[in-house]
Amino acid sequence: MEAITIIGGGIAGLALGAGLDPKRFDVTIHEQRPGVPAVETSLAMWPEAQAALAVLGVLPQIRAAGTAFGGMALRDAAGTALVAPEVRGVLGVSRADLIRILDAAVPASVRRVEGRVDEIPATGPLASGLLVGADGVHSVVRRSFWGARSQARLTQYLALRGVLPAPVQAGAGGEYWGRGQLFGITPAAAGRTYWYASFRSNLGPADVDAAAALQQAKERFAGSAPAVRTVLEQATPDATLAQRIWTTPNLGSFVRPGAVLAGDAAHGMTPNLGRGACEALVDAVTLAELLNAHLVEDALKAYNRQRALKTQLLRLASSAMAGVALAERSQPLRDGLLRLASR
């Protein structure tokens, strides 16, 4: 049995634990906070992520728990639709449901260790076998193996997310782009509404108070469309996740001797493309399939070839999209170009 230690019990860590061959690998997952997230949020599952979920055998459960996306209008701050593309093949699913389903798919033979890992010792169980950093944008594995230059980078933006019990108002769905701010309203499972917002803020960078973040959001979006203001009036601090946005730098390689990165630890990106969770799933399933079929060294080389360049390009594209969506001085030009493009 070959030892694999996964640091992080989130989407990437659980998917990898579910995909590895228990007859070949002795797997341990270190989880800082086992269980589902306290605050409900929603994730978009693009076709590539759904294919990864199918490999794990859990796609039927995800489809049963999720909801299909339809039209997703891009609007100006007043609510006027600038572009209204039809979104096909994308499934919205609760992060809590995704975590719960992945957790149930992990074999009973996988050892679970609860507690935060703050450092990687030179000797002991964490130093033997293959170490997988699936521990998010502030990855201790990345810091230990890739060095200080790999530290996460703080952006100037705050992200808020939450789920409301009522369905999306008719004609209100989509993403609202204002001057230096954006607001999204999309359907969530069980006839609910998922909302998200982003704008420049000095709150944080850690332990952002949800009540303070909601108050800032209400002030920033006071002049926005009625649908946006209605959502913020209904949102409550205990049902709102508020975080500063961090990203990872370009690593070049996701592999070091004895270690490999997956998910946000490898390519933490802004949320503007809605691909972070999807790429974490694809990372995990790709890595599991390669490890199951090849020698570890060969599997890691193939994983790096298949995943590093693509995800780094997505990370850059997401940052570029954030620059467009959150434009300030060039916002009138941006909206004018979008109107022209939609004719």
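Predicted model: local features only at pLDDT ≥ 70, side-chain atom pairs only at ≥ 80, totals over all residues.

The buried residues in question are Ala49, Gln50, Ala52, Leu53 and Leu56, and helix 2 itself spans residues 47-56. These residues lie on the same side of helix 2, because they cover an arc of only 155° around the axis. Just after helix 2 comes Gly57, which takes a positive phi of about 80°.

From here one can turn to the sheet, which is open and has 7 strands in the order 6-5-11-12-13-10-14, with mixed pairing. At its edges are strand 6 (81-83) and strand 14 (240-247), each of which pairs on one side only. From one strand to the next, the twist averages 25°. Within this sheet, strand 12 (residues 181-188) and strand 13 (residues 192-200) run antiparallel and are joined by 8 bridges, and Ala188 stands opposite Arg192 in strand 13.

Two helices lie across strands of this sheet. Helix 6 (residues 210-220) lies across strand 10 (153-164), strand 12, strand 13 and strand 14, and runs at about 80° to strand 13. Helix 7 (residues 226-234), in turn, lies across strand 10, strand 11 (174-177), strand 12 and strand 13, running at about 75° to strand 12.

The last topic is charge. Side chains of opposite charge can pair when their charged atoms come close, and the structure holds 14 salt bridges. One of them joins Asp283 and Arg307, whose closest N and O atoms are 2.7 Å apart. This pair links distant parts of the chain, since Asp283 is in helix 9 and Arg307 is in helix 10 (residues 296-325), 24 residues apart. Is this pair buried or exposed? Asp283 is buried, with a relative accessible area of 0%, and Arg307 is buried too, with a value of 3%.

Another salt bridge is formed by Asp103 and Arg112, with 2.9 Å between the closest N and O atoms. Here Asp103 is partly exposed, at a relative accessible area of 31%, and Arg112 also counts as partly exposed, at 33%. The side chains of Arg334 and Asp335 meet in a salt bridge as well, at 2.9 Å from N to O, with Arg334 buried at 8% relative accessible area and Asp335 buried at 4%. Finally, salt bridges that share partners join Glu48, Arg275, Glu279, Asp283 and Arg307 into one network.

Conventions
Residues numbered from 1 in each chain as written. Heavy atoms only, no water. Pairing = 2+ DSSP bridges. Helix = DSSP H or I, 4+ residues; strand = E, 2+ residues; numbered from the N terminus. Axes fitted to C-alpha atoms, helices over the stretch in contact; angles between N-to-C directions. Contact = heavy atoms within 4.5 Å. Buried < 20%, exposed > 50% of the residue type's maximum accessible area, 1.4 Å probe, protein only. Arc of directions from axis to C-beta. Salt bridge = Lys/Arg side-chain N within 4 Å of Asp/Glu carboxyl O.
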